[in-house]
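Colleague: I have not looked at this one before. Can you walk me through it?
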Amino acid sequence: MEKKLQDKVIVITGTTSGIGAGMAKLFAKHGARVIGSGRREEKGQAVVEEIRREGGEAHFVRTDVLEQDQLKHLIDTAVELYGRIDILVNNAAYEPTKVFAENTYEDYRKVIDTNLGSYIMASIYALEHMRKAGSGKILNINSVTAEQVVPGVGMYAIAKAGITNLTKIIALEYAKEGIRCNEINPGLILAGAFEDPKVVEWAHDAIVNGTPVGRLGTIEEIASAALYLLSDEADFVNGTSFYIDGGRRLI
Ligand SMILES: NC(=O)c1ccc[n+]([C@@H]2O[C@H](COP(=O)([O-])OP(=O)(O)OC[C@H]3O[C@@H](n4cnc5c(N)ncnc54)[C@H](OP(=O)(O)O)[C@@H]3O)[C@@H](O)[C@H]2O)c1
């Protein structure tokens, strides 16, 4: 098998479950040195152990992305361990359900700071090292809600819309320095909330009728697109929003 990320040092936020765990495993199979993170230490370590059992290289750094010292420490750990950070994947997210006007100040801060603030600050911390090295890639795991607003998750969608401009500004300002930035916008994926069969039942109409392809996407479908965007094959791809949503944004 051709290894598309051989020896690349990759930091991912939120590898304790779902899409983040799936990307960590796939990237490690492709030769990456993965530094995963999240708050649930046991789950994060279990992913690391699975990767190591398969012969891959991975570490887990317990990180709450809302804590700046922890987020910076996560990025700096890559540099301490390997002398560089080649790739940052921003993926950690928090998606509470609440109609817009019911959000408190605390709700607003938590949703925006987790979903957008952590992407902004992790990128700033990583760019410091990438710019010194003269190369790097940042991939933001965004959402179809960046474009398609859904009632009940408005605050999350506001944060996700911000990620699109974050992606564009990094792509624009740092391309000449050898740094690329792209985003993936998943639709409804069998991960996170959709791992609960009750949520799948509740969202039946959105899955079958609200998604032209008529099914949930898979973690593997997102991870393989991420692999492409981070590989050398995608070196001319910059500032792109890659919607993997079964056409959901068109409805
Ligand atoms: N599943 C979908 O249908 C779907 C659709 C569109 C977009 N997405 C996007 O895909 C990405 C991954 O989501 P998922 O579906 O895989 O959900 P998930 O399984 O719930 O994963 C979310 C990850 O974020 C981490 N996280 C949340 N808050 C954190 C915090 N304060 N500090 C550190 N880590 C934190 C969680 O780790 P800990 O709990 O251990 O901290 C977990 O690893 C997100 O950006 C999400 O918006 C998913």
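Modeller: A word on terms first: a residue is near a molecule if one of its heavy atoms lies within 4 Å of it. Also, this is a predicted model.

Colleague: Fine. Which residues come nearest to the ligand?

Modeller: There are 29 residues around the ligand, and those that come nearest are Thr16, Ser17, Ile19, Arg39 and Tyr156.

Colleague: What is the make-up of that shell, by nonpolar, polar and charged?

Modeller: The shell around the ligand has 12 nonpolar residues, 13 polar ones and four charged ones.

Colleague: And which helices supply at least two residues of the shell each?

Modeller: Helix H1 (18–29), helix H4 (105–133) and helix H5 (154–174) each do.

Colleague: What lies 2.8 Å from an oxygen atom of the ligand?

Modeller: A polar backbone atom of Ile19 is 2.8 Å from a ligand oxygen. A backbone N or O atom of Asn91 also lies 2.8 Å from an oxygen atom of the ligand. From the side chain of Lys160, an N or O atom is 2.9 Å from a ligand oxygen.

Colleague: How much of the ligand does the protein bury?

Modeller: The protein buries 90% of the 880 Å² that the ligand exposes when taken alone. The space the ligand takes is the largest pocket.

Colleague: Different topic. Where is Thr63 found?

Modeller: Thr63 is in the loop between strand E3 (57–62) and helix H3 (68–82).

Colleague: Is Thr63 buried or exposed?

Modeller: Thr63 has a relative accessible area of 2%, so it counts as buried; the cut-off is under 20%.

Colleague: What does the side chain of Thr63 have 2.8 Å away?

Modeller: A polar atom of the Thr63 side chain lies 2.8 Å from the backbone oxygen of Val61.

Conventions. Residues are numbered from 1 along each chain as its sequence is written. This is a predicted model: local features need pLDDT of at least 70, side-chain atom pairs count only at pLDDT 80 or more; totals for chains, interfaces and linings use all residues. Side-chain values use heavy atoms; hydrogens and water are left out. A polar contact is a pair of N or O atoms within 3.5 Å; within protein, one must be able to donate a hydrogen and the other to accept it, and residues adjacent in sequence count only if both atoms are side-chain atoms. Accessible areas come from the Shrake-Rupley method with a 1.4 Å probe; for residues, only the protein chains shown count as cover. On a 1 Å grid over the protein atoms alone, a cavity is a set of points where a 1.4 Å probe fits but cannot get out, and a pocket is an open set with protein on both sides within 12 Å along at least five of seven lines; lining residues have an atom within 4 Å of a point. A molecule sits in a cavity or pocket if more than half of its atoms lie within 2 Å of its grid points. Helices (H or I, at least four residues) and strands (E, at least two) are DSSP runs, numbered from the N terminus. Ala, Val, Leu, Ile, Met, Phe, Trp, Tyr, Cys and Pro count as nonpolar, Asp, Glu, Lys and Arg as charged, and the others, Gly among them, as polar. Buried means under 20% relative accessible area, exposed over 50%, partly exposed in between (1.4 Å probe, protein chains only).
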